[in-house]
Amino acid sequence: MGLSFTFHSPTKILFGRGSLQELGEQVKRLGGKALLVTGRRFVRRYGYIDRLTSLMEEAGVKVALFDRVEPNPSFETVEEGASTAREMDVDVVVGFGGGSALDAAKAIALLCVQGGRAKDYVYPYVVEEPVLPIVAVPTTCGTGSEVTKFSVLTDVGAKRKTVVAGGPLIPKVAILDPEVLRHLPRDLTVYTALDAFSHALEAYWSKASQPISDLFALESMKILLKDLEKAAQDVEARDVLHYASLLAGLAINQAGTTVVHAMGYYLTTYHDVHHGLSNAVFLPVAVRLNAPAIPDKVSRLADYLGLEYESVEAAARLIEESLARLEDRLGVPRRLGELGVDRSEVEVFVKETLSYRRNIENNPRELTEDDVRSLFMEII
């Protein structure tokens, strides 16, 4: 059978220590008045509002600020941000922060131009209309949002994660300066990097995977398994985490996510667990769940990681054990009970997980209620 795929990645990527200095010039090429979209604490605590504003103003860009983004941004927040953008008549949006800030920046760039409510654009709607140009500057090593077409928003009333998706949401420029990671606490470094691992693994085994996304995913996983433990402790070693997260973002932009995200959303929306940790809990068991459906991919991943094995089943066990041991060494909880979940929640968990059809239908193995229920009970 002949090879056939489409790969699209229009983002200009600037990577390296000191690359944040390029912000002003990069924004200036896209517009003359920028809305800086960011979170509520990090930017003020470390002086980034003044620094980012100065970089843009020195390049001749006027700057308006929207620093109201909460973790897991809501429809209401991005609608408020879009109102600010329209009032200030901005022509470019700069997202600075973790995944929440970047997701909010994308939705604001859309709503500012197209109007309406955030819920009007939720998948299965696909955004094809023009949006304001976006410059994305990630400050964690997990989101990958700086190169993706996804904006993940929370419907607070329904306790549900939603996604707004479409090519125009992909940032025009991504600036990845590993210097910003020095401010990231160890636990958030670990959780966000494991989020990147989940992106890479899920993109690798997804039904939408393709040869180029596989390359990004494989290299991302190899880096994270090899270097995460050291980089969690040593701020000078975190460049590789930023790079691995970028690769994983490029992978999911083509191939999407699967059952790990579908399960993880429950922990975030019902128990306020960090998104990266929510995914990490399910990673080892998800390998065991999906491995029988993807023997060739299991073998290739094991080979790429340098694992020695005698059968595909053995390779899958080694991958699962490598992940579990890494999480144990990092002090990451691997039981749902440690995160406040009770076994009485099993049916709600099953229903919620299977309701994320976009992720579930992209999973390499068809999943039943019993599959999800058994997995829950195994790690409660």
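1. V69 is buried, with a relative accessible area of 5%. This is a predicted model, and the points below should be read as such. V69 sits in strand β3, residues 62–69.

2. Strand β3 belongs to an open sheet of 6 strands. The order is β1-β8-β5-β4-β2-β3, and the pairing is parallel. β1 (12–15) and β3 stand at the edges, each with a single partner strand, so one side of each lacks a neighbour in the sheet. On average, neighbouring strands of this sheet are turned by 15 degrees against each other, direction ignored.

3. Strand β2 is the partner of β3, and the two pair in the parallel sense over 6 bridges. Within that pairing, L36 stands opposite L65 in β3. β2 also pairs with β4, again in the parallel sense, over 5 bridges. There, A34 has V92 of β4 as its bridge partner. How many of the 7 residues of β2 are buried? The count is 6, so β2 is largely enclosed by the rest of the structure.

4. Elsewhere in the sheet, β5 (residues 134–138) and β8 (residues 173–176) run parallel and are joined by 2 bridges. A136 stands opposite A174 in β8.

5. Two helices to check against the sheet are α3 and α4. Helix α3 (residues 48–58) packs on the sheet and touches β2 (33–39), β3 and β4 (92–97). The direction of α3 makes about 150 degrees with that of β3. Helix α4 (residues 75–88) also packs on the sheet, touching β2 and β3. For α4, the angle with the direction of β3 is about 165 degrees.

6. Next, the hairpin. β6 (residues 150–155) and β7 run antiparallel and are joined by 6 bridges. L153 stands opposite T162 in β7. The hairpin has 4 residues between the strands, and K159 takes a positive phi near 50 degrees. Strand β7 (residues 160–165) is mostly covered, with 5 of its 6 residues buried.

7. Now the helix pairs. Two packed helices are described by the angle between their axes and the distance between the axes. Helix α10 (residues 275–290) packs with helix α12 (residues 312–330) at an angle of about 165 degrees, and their axes are 8 Å apart. α10 and α12 are therefore roughly antiparallel to each other. The crossing of α10 past α12 is left-handed. From α10, the contact uses A280, L283, P284, V287 and R288. From α12, it uses A316, I319, E320, L323, A324 and E327. By class, this contact has 8 nonpolar and 3 charged residues, and no polar ones.

8. How do the axes of α6 and α11 cross? Helix α6 (residues 186–205) and helix α11 (residues 295–304) cross at roughly 135 degrees, and their axes come within 10 Å. α6 and α11 are therefore oblique to each other. L201, Y204 and W205 of α6 meet K297, R300 and L301 of α11. By class, there are 4 nonpolar and 2 charged residues in the contact of α6 with α11, with no polar ones.

9. Which residues of α11 are buried? They are K297, V298, S299, L301 and A302. The buried residues of α11 pack against α6, α7 (211–233) and α12. Just after α11, G306 takes a positive phi of about 75 degrees.

10. S299 counts as buried because its relative accessibility is 16%, and the cut-off for buried is under 20%. Leaving aside neighbours within four places in sequence, S299 is in contact with Y309 and V312.

11. Last, a link between the two ends of this note. V69 and V298 are 229 residues apart in sequence. In space, C-alpha to C-alpha, V69 and V298 are 39 Å apart. V69 is buried in its own setting, and V298 is among the buried residues of α11.

How values were computed: Residues numbered from 1 in each chain as written. Predicted model: local features only at pLDDT ≥ 70, side-chain atom pairs only at ≥ 80, totals over all residues. Heavy atoms only, no water. Axes fitted to C-alpha atoms, helices over the stretch in contact; angles between N-to-C directions. Parallel < 35°, antiparallel > 145°, perpendicular 65-115°, else oblique. Left-handed = near helix turned anticlockwise from the far one by under 90°. Contact = heavy atoms within 4.5 Å. Nonpolar A, V, L, I, M, F, W, Y, C, P; charged D, E, K, R; others polar. Buried < 20%, exposed > 50% of the residue type's maximum accessible area, 1.4 Å probe, protein only. Pairing = 2+ DSSP bridges.
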